[in-house]
Amino acid sequence: MENSSINGPLISPVSTWKLRPVQVTRLPVLPQQMALEESLPVAFGDLASCRTCSLGLEEQTKRLQKDMKKSTDADLAMSKSAVKISLDLLSNPLCEQDQDFLNMVTALDTAMKRMDAFNQEKVNQIQKTVIEPLKKFGSVFPSLNMAVKRREQALQDYRRLQAKVEKYEEKEKTGPMLAKLHQAREELRPVRDDFEAKNKQLLDEMPRFYGSRLDYFQPSFESLIRAQVVYYSEMHKIFGDLTQQLDQPGHSDEQRERENEAKLSELRALSIVADD
């Protein structure tokens, strides 16, 4: 199954996922910085919201990938352990002495191997359609974070040169001072343009990136559900067949428990296991 490109059409609403709040530390804003930010033709609050959502999405993606990997590893360990148990039982001397016991353990071993095979198929499907897409999606965050850092650096350069212009504007308008003011404004122009371009790019693309998550992940989660449905449907058949092979007609779980307790009592009555 292929996932939609994160750079494709972006139509999903931003508010669909509930992300864990992320603490974003903000530096104190000086009065001159407030004046500068108020004069900029961009929305700082919108970008801060996008950044917060992006940080939350990155954290969620990493945690989900890690949890999915732990889940599939545990699934494989479970089925492998079940096969190991059935093989250990087959090597039990009782299998050589009791044909009924051998038939029961053989049926169990066949069921465990079938379970392990279907489990491996399920894990392979989840790896391909869920874990790998999560990994690929997570790989874009370093570039996104670098773009944010470049924008922050451009903002600092803008603030520094803007403060320089404001300083000269407050001075007496002498010839040399006007020349310095003109030079400072010329230095400011390309820096301002660079910042505004970087800021606009983030304002345009970060909401699109964040909104793309549903289009990207929905096929993965659908595949995860289908893989689980197929697996547990097969498990129902496997253990249903095993039950029919092992079940003794007319024996309830309560009867089996009473029989086991009676046999255990007989064993405990033996002098070699009696308490001192």
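Does Lys198 count as buried, partly exposed or exposed, and at what relative accessibility? Lys198 counts as partly exposed, at 22% relative accessibility; in this scheme buried means under 20% relative accessible area, exposed over 50%, and partly exposed in between (1.4 Å probe, protein chains only). This is a predicted model, in which local features need pLDDT of at least 70 and side-chain atom pairs count only at pLDDT 80 or more, while totals for chains, interfaces and linings use all residues. Residues are numbered from 1 along each chain as its sequence is written, and side-chain values use heavy atoms, with hydrogens and water left out.

**Salt bridges**

- The structure contains 17 salt bridges, each defined as a side-chain nitrogen of Lys or Arg within 4 Å of a carboxyl oxygen of Asp or Glu.
- Lys198 meets Asp194 in one of them, at 2.6 Å from N to O.
- Asp194 and Lys198 are 4 residues apart in helix H6 (residues 175-211), about one turn of the helix; helices are DSSP runs (H or I, at least four residues) numbered from the N terminus.
- Asp194 is partly exposed, its relative accessible area being 33%.
- Glu58 and Lys62 form another salt bridge, with the closest N and O atoms 3.5 Å apart.
- Because Lys62 and Glu58 are 4 residues apart in helix H2 (residues 44-90), about one helical turn separates them.
- Lys62 is exposed at a relative accessible area of 54%, whereas Glu58 is buried at 12%.
- A salt bridge also joins the side chains of Asp75 and Lys122 (2.8 Å, N to O).
- This pair links distant parts of the chain, with Asp75 in helix H2 and Lys122 in helix H4 (residues 99-138), 47 residues apart.
- Asp75 counts as buried at 18% relative accessibility, and Lys122 counts as buried at 4%.

**Aromatic pairs**

- There are 9 aromatic pairs, where rings of Phe, Tyr and Trp (its six-membered ring) pair if their centres lie within 6.5 Å, and planes under 30 degrees apart count as stacked, over 60 as edge-to-face and the rest as tilted.
- Tyr158 and Phe195 form a tilted pair, 5.6 Å centre to centre with 50° between the planes.
- That pair connects distant parts of the chain, as Tyr158 lies in helix H5 (residues 141-169) and Phe195 in helix H6, 37 residues apart.
- Tyr158 and Phe195 are both buried.
- A cluster linked by ring pairs comprises Phe137, Phe141, Phe209, Tyr216, Phe217 and Phe221.

**Charges over rings**

- The charged end of Lys122 sits over the ring of Tyr231, 4.1 Å from its centre; the criterion is NZ of Lys or CZ of Arg within 6 Å of the ring centre and within 35 degrees of the ring normal.
- Arg213 lies over the face of Tyr210, at 4.1 Å from the ring centre.

Definitions and conventions:
Helices (H or I, at least four residues) and strands (E, at least two) are DSSP runs, numbered from the N terminus.
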